[in-house]
Amino acid sequence: MKIGGFQKNTLIDFPGTIACIVFTKGCNFICPYCHNPDLVATPKKVATDLFDENKIFNFLEKRKGLLEGVVISGGEPTLQEDLIAFSRIIKDMGYRLKLDTNGTRPEILAKLFEQELVDFVSMDIKTCLEKYHLVVPGKFDAKKIYESIRLLMNKAPAYEFRTTCVRPFINKKIMTDIGKMIMGASTYNLQKCSRNVTVLDPKFLKADHNFFSDKQMLELKAIIDKYVTTSVVR
Ligand code: SF4
């Protein structure tokens, strides 16, 4: 695994679980508001500054009974060739496992579900399928996003969908389209984009019109509430 970051403790990233976070390096998206720009590295940079996964396994051995789970986040973890093997080692140690994903590799999600290697999946939905070209450099089959949505809803032990709500990726019409895609889903989180962080495209933060007010966030929530059981503005 190409691991670009490691956080020893989190009480907020894995619902109901005291966990640590492994941040994988490399992503196939270029979301301008990305809060982990160091992890969205070019292939050349990916080879540098990596964490030794054996040190993480040693840490997990020592924390058995104290820590309950591991979050694998990124970057995009499903791009890692050995994600399945890495997940199995963590599960064999007795930890619960949560995966954060952008949903571009449903075939990897299917394997994780088949082999019962994951307990919770959090999937980002960036925009409606027609507009994914805004966050993906090059050719991309957006149907894969829909495939991942169906997989989560049918096979994941627990899941949530979430969207960072900023223009031009989200507006009322797009929120309706997302609602139709995830109709019947249990949980959807509408995330406000923090402007006090380093992001992939710093110019993006300077444009006020990219951001929704609290009132507008609640209007978006009212739209998605017609389609999902629970939604939360964060
Ligand atoms: S926000 Fe997520 S999907 Fe987008 S570039 Fe960053 S790590 Fe990749």
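Because the model is predicted, local features need pLDDT of at least 70 and side-chain atom pairs count only at pLDDT 80 or more, while totals for chains, interfaces and linings use all residues. Residues are numbered from 1 along each chain as its sequence is written, and side-chain values use heavy atoms, with hydrogens and water left out.

The largest nonpolar core contains 71 residues, and those with the most contacts inside it are Leu60, Phe161 and Ile182. Such a core is a set of buried Ala, Val, Leu, Ile, Met, Phe, Trp, Tyr and Cys residues joined through side-chain atoms within 4.5 Å; buried means under 20% relative accessible area, exposed over 50%, and partly exposed in between (1.4 Å probe, protein chains only). Helix H5 (residues 143-155) supplies the largest share of this core, five residues. Helices (H or I, at least four residues) and strands (E, at least two) are DSSP runs numbered from the N terminus. A second, separate core has seven residues, including Phe23, Leu39, Val71 and Phe120. Returning to phenylalanine 161, its contacts (heavy atoms within 4.5 Å), leaving aside neighbours within four places in sequence, include Met123, Ile125, Ile149, Leu152, Met153 and Ile182.

Helix H6 (residues 172-181) has Ile174, Met175, Asp177, Ile178, Gly179 and Met181 as buried residues. The buried residues of H6 pack against H5, strand E6 (159-164), strand E7 (187-191) and helix H8 (214-224).

On the H4 side, Pro106, Glu107, Leu109, Ala110 and Phe113 meet Lys144, Glu147, Ser148, Leu151, Leu152 and Lys155 of H5.

The peptide bond from glycine 74 to glycine 75 is cis, with omega near 15 degrees, and glycine 75 belongs to the loop between strand E3 (69-73) and helix H3 (83-92). Another cis peptide bond runs from arginine 167 to proline 168, with omega near 5 degrees; proline 168 is in the loop between E6 and H6. Glutamate 116, in the loop between H4 and strand E5 (120-124), has phi near 50 degrees, a positive value in a residue other than glycine. This glutamate 116 counts as exposed, at 67% relative accessibility.

Serine 87 of helix H3 is buried, with a relative accessible area of 1%. The C-alpha atoms of serine 87 and glutamate 116 are separated by 9.9 Å, although the two are 29 residues apart along the chain. Beyond its neighbours within four places in sequence, serine 87 is in contact with Ile72, Leu97, Leu112 and Leu117.

Serine 122, in strand E5, is also buried, with a relative accessible area of 0%. A polar contact of 3.3 Å joins its side chain to that of arginine 162; a polar contact is a pair of N or O atoms within 3.5 Å, where within protein one must be able to donate a hydrogen and the other to accept it, and residues adjacent in sequence count only if both atoms are side-chain atoms.
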